[in-house]
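I opened my notebook to see how these chains are put together. Come along and follow the entries with me.

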Amino acid sequence: MNPRRKLVLLLTLLGVAHLVIACGGFFAPYDPTAQDRDRPYAPPMRVHLVNSAGHFHLRPFVYAQQLREGTFDEYVSDTSQPIPLKFFVSGARYKLFGLIPIRIHFFDAEGDAPPVFLLGSDAYGRDLLSRTLYGGQISLLAGLLATALALSVGLLIGSLAGFFGGWTDDLLMRAAELFLALPWLYLLFAIRAFLPLAVSPLQAFFLVVILIGTVGWARPARLIRGVVLSAKERDYVRAARGFGASNIYLLRRHILPQTWNVVLTQAAILVPQYVLAEVTLSFLGLGVPEPAPSWGNILSSLQQYSVLSSYWWMFLPSVAIVCFFLGYLALASALQDVADKSKI
Amino acid sequence: MSAFARSSPRYLGKSLFAAVILLAAWTAAFLSLPLQSQSRNNQSEEFLSLSGETGHAGGRLIVSLRAEPKTLNPLIAGDAPSRQAIGAMQADLIHINRATQLTEPALAKSWTVSSDGLHYTIKMRQGIRFSDGHPMDADDILFSFQLYLDENVHAPQRDLLIVGGKPIVVRKIDFQTIAFDLAKPYGAQERLFDGLAILPKHLLEQSYKQGKLDQEWPLSVAAAQIAGLGPYRLEEYVAGQRLVLERNPYYWKTDANHARLPYLDELVFLFVPSADAEVIRFQSGETDIIGISRVAADSFSTLSRQSRGYTMADAGPGLEYNFLFFNMNDLGAKASPDMARKQKWFANVKFRQAVSLAIDRQAIVRLVYQGRGAPLWGPVTPGNKRWQNTSLTNPARSVDAARNLLSTAGFNWKKDSSGESSLVDSSGAPVEFSIVTSSSNAERTKMATLIQDDLKQLGMRVQVVPLEFRSLLDRVLQSKEYDACVLGVANYDADPNSDINVWLSSGSSHFWNIGQPKPSTPWEAEIDQLMEKQLGSRTFDERKRSYDRVQEIIRENQPLIFLASPDILSGTKNTIGNFHPAILEPYVLWNVEQLYLRASSGSARP
């Protein structure tokens with residue numbers, strides 16, 4: 001496929017995926033922290049169009065799940081009790097894009113019917129679909145913000161080092177090596193230990209973003225330095241300098257534009273890495289605290305052998321992570337292809 | 001207490017001689033001694049015959065421990081794995097039967113108590129030998145109690161042996177009779193002797209004189225240097241992997257057919273890193289019994305679902321109680337204004353009652369223990385029927401009643417920007433606090449998460465902070481920097497004296513306000529009095545009356561907000577006979593001498 005068309009396709013796909021997550025409140029039927037204490041570890045419900053008697057229904061429906069008497073987590077589908085799905089219904093309040101308060105949800109069961117768990121429920125009877133969508137908001141936003149932070153710092157330091165050379169270069173690059181060598185997980189443990197006992201989910205979120213962002217600037221800085229180093233020796237840059245152009249002008253007009261390819265490719269590589277970093281931190285209990293969902297803390301219950309071996313649907317959020325990861329990596333290679341082609 | 005290194009370990013151990021070459025000669029000289037002593041007490045052995053199912057001799061039992069024992073020395077052992085190992089190697093004079101929860105003769109053949117309750121006279125079994133073949137006599141008993149009572153030994157058992165402020169006096173009356181004199185009557189009576197192992201004087205005297213008892217009997221001790229009166233003796237220790245015990249050929253119990261116990265030739269403790277590793281080992285058939293430490297309910301159901309050749313057992317609610325408490329310590333000038341404001345809420349009894357009313361205990365039992373547990377409103381669990389105050393009724397959960405209580409206590413509700421109503425105190429500050437829990441204890445973290453959601457309905461904003469267990473204890477017991485905490489206590493005995501440190505206002509485990517010089521509230525003073533009173537009462541009824549009142553006061557004042565008590569869960573391969581888990585520790589190994597391997601017919605290994 002033509003690299004440019006491939007790039008457009010990937011950007012569209014990722015754009016749609018991000019839009020779905022960004023409108024998570026709309027697609028999620030329930031509040032991600034709402035507990036249904038009578039339905040822990042309910043398995044995913046199947047959506048039907050044909051009922052047990054073989055009749056076709058235009059409106060999709062699910063069957064209610066009844067807890068088997070005397071058990072904790074064994075459910076039986078009650079085929080006598082179909083729950084039709086309604087679309088664009090009013091439900092729990094949420095804020096679209098964190099700003100606009102509305103109540104409309106994409107789907108839900110009708111009225112007083114039992115909740116619909118398309119991806120099953122967790123240990124507290126919370127809807128895993130809602131948690132995955134809301135969790136994605138936190139995890140992806142953390143990835144994007146941390147990438148923006150790391151790239152800004154990397155761009156600044158990389159271009160300064162490459163442009164000025166000499167001891168500035170030495171100093172900045174040694175600092176970058178130091179950062180690459182840091183055992184950042186332990187650093188995070190140490191920093192967390194210094195903070196107050198209870199941090200709110202918002203504080204914890206920004207702590208994670210700032211930490212993984214500042215720790216990650218070194219690699220892009222080194223790459224950008226390389227580009228700047230070669231760009232500043234180009235004839236047209238020397239010529240501009242000869243005409244009396246200032247350093248700022250040179251950087252802005254001639255050198256930084258040369259780095260965009262590297263920056264974009266790095267961004268496409270860093271975003272999924274940072275999403276994974278957030279997942280790792282939350283898995284270790286250092287990320288966003290319960291009950292707020294993030295992909296990491298949703299998956300952290302898999303640390304328990306009993307969950308791992310008994311409730312397969314608890315793995316489902318990891319499917320979302322894998323898809324995003326692959327999408328971003330494909331984007332990175334498509335960007336690379338386009339850049340290579342434009343060079344020729 | 002599971003939350004803590006238990007304050008009074010149950011078995012006392014032995015100490016070891018520093019293995020010096022010089023000692024070899026000394027030991028050789030000692031070897032002649034058994035012959036001499038034997039001629040002195042020339043009676044036949046007085047066995048204790050156990051009723052119940054008889055089994056076959058032979059075989060090996062493998063069980064897992066979640067951590068490596070730290071020592072085999074009962075005089076210093078504080079950790080649960082050490083106590084488990086020591087429990088299989090040592091014996092006491094009078095023992096609490098874990099199944100009946102009543103006392104029964106052990107090394108003591110019989111005992112009498114004087115009418116004033118101050119003098120106990122114990123007749124010991126004759127012809128008993130330590131696991132190295134050396135005869136036991138009254139001097140060993142005197143020596144053992146001397147060690148427990150010696151302040152320089154720092155034995156954790158010492159506190160138990162101080163009755164009425166004075167140490168118990170131990171006297172030898174004749175070669176088979178020992179008298180114990182108490183300064184005041186002791187409520188729990190002969191239960192006192194449970195877990196006090198009788199130690200071999202011939203092995204420990206020298207290091208006692210040198211003041212080196214605390215170095216005796218590490219796990220690496222040579223098998224010849226350690227002896228006990230329990231069913232097993234040391235065979236081999238492989239660091240980081242296993243502790244192997246072999247049958248004590250001199251053990252003093254027999255089965256109903258007069259065959260000498262124990263049945264099994266070897267008892268192997270495997271060290272595994274975690275509870276999950278324990279489950280996997282048991283599932284794969286590597287271990288024979290699971291449940292040395294209570295099996296978690298979710299592991300229990302995972303194991304039950306895939307049962308292959310083993311049977312899981314639910315012994316009912318144990319003695320463990322889990323609770324939420326607030327920081328009511330007097331922090332003095334150390335307290336920040338923020339903390340001072342919070343402590344004002346915490347000190348308000350209506351606030352605590354409201355929190356208690358809002359907590360959904362049934363949900364805790366269902367979601368945390370998968371229904372294998374009991375909701376709790378007091379420290380006495382349903383497993384402890386003898387001491388429960390049955391006149392107290394358990395209030396139903398009611399968020400409305402809790403809200404009423406809060407508004408009479410001066411709290412209000414305010415709508416915040418997002419439209420949620422949040423609770424504010426009389427000065428208008430929002431009610432926000434954090435609950436610390438142990439990050440390694442998934443059950444308690446889950447409880448805290450449920451409580452968080454319950455209290456949201458009262459408008460309280462609660463954060464759950466899982467902490468590594470050591471730093472949690474440090475915050476709660478030392479620095480006192482926390483708002484609220486979910487913790488648990490697992491009693492080793494059903495008697496109220498076993499957790500007296502929690503209730504006395506001066507106690508080191510008086511969690512909500514530790515080690516007060518004098519009781520800071522009238523109700524804590526009353527509890528102090530009642531606990532002292534029951535300690536000195538002679539009849540069960542008198543003690544029960546006092547303790548019933550203690551339960552009433554606790555219910556009224558909610559210093560600890562009780563949550564739930566888990567069932568004691570365990571499992572065994574179908575090939576193991578006489579497996580009868582108890583709700584008192586050691587849950588599954590209390591009758592280890594009677595456990596046996598059935599003929600292979602029952603083994604359905606996949």
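I started with the secondary structure of chain A and found 12 helices and four strands. I noted at once that I was reading a predicted model.

Next I looked up the dimensions of chain A. Along its principal axes, the C-alpha trace spans about 85 × 50 × 35 Å.

Then I asked myself what percentage of the 344 residues of chain A count as buried. I found 37%.

I also checked the contacts in chain A, keeping to those with a separation of 6 or more. Residues 24 or more positions apart account for 68% of them.

My next entry was on domains.

How many residues of domain 1 of chain B are in contact with domain 2 of chain B? I found 18 on the domain 1 side, in contact with 17 residues of domain 2. Helix α7 of chain B (residues 297-305) gives the largest share of that domain 1 side, with four residues. Sorting the side of domain 1 of chain B that touches domain 2 by class, I got nine nonpolar, four polar and five charged residues.

Key
Residues are numbered from 1 along each chain as its sequence is written. Chains are lettered from A and ligands numbered from 1 in the order in which they are written. This is a predicted model: local features need pLDDT of at least 70, side-chain atom pairs count only at pLDDT 80 or more; totals for chains, interfaces and linings use all residues. Two residues are in contact if their C-beta atoms, placed from the backbone, lie within 7 Å. Helices (H or I, at least four residues) and strands (E, at least two) are DSSP runs, numbered from the N terminus. Ala, Val, Leu, Ile, Met, Phe, Trp, Tyr, Cys and Pro count as nonpolar, Asp, Glu, Lys and Arg as charged, and the others, Gly among them, as polar. A residue is buried if 20 or more other C-beta atoms lie within 10 Å of its own, exposed if 12 or fewer, and partly exposed in between; C-beta atoms are placed from the backbone.
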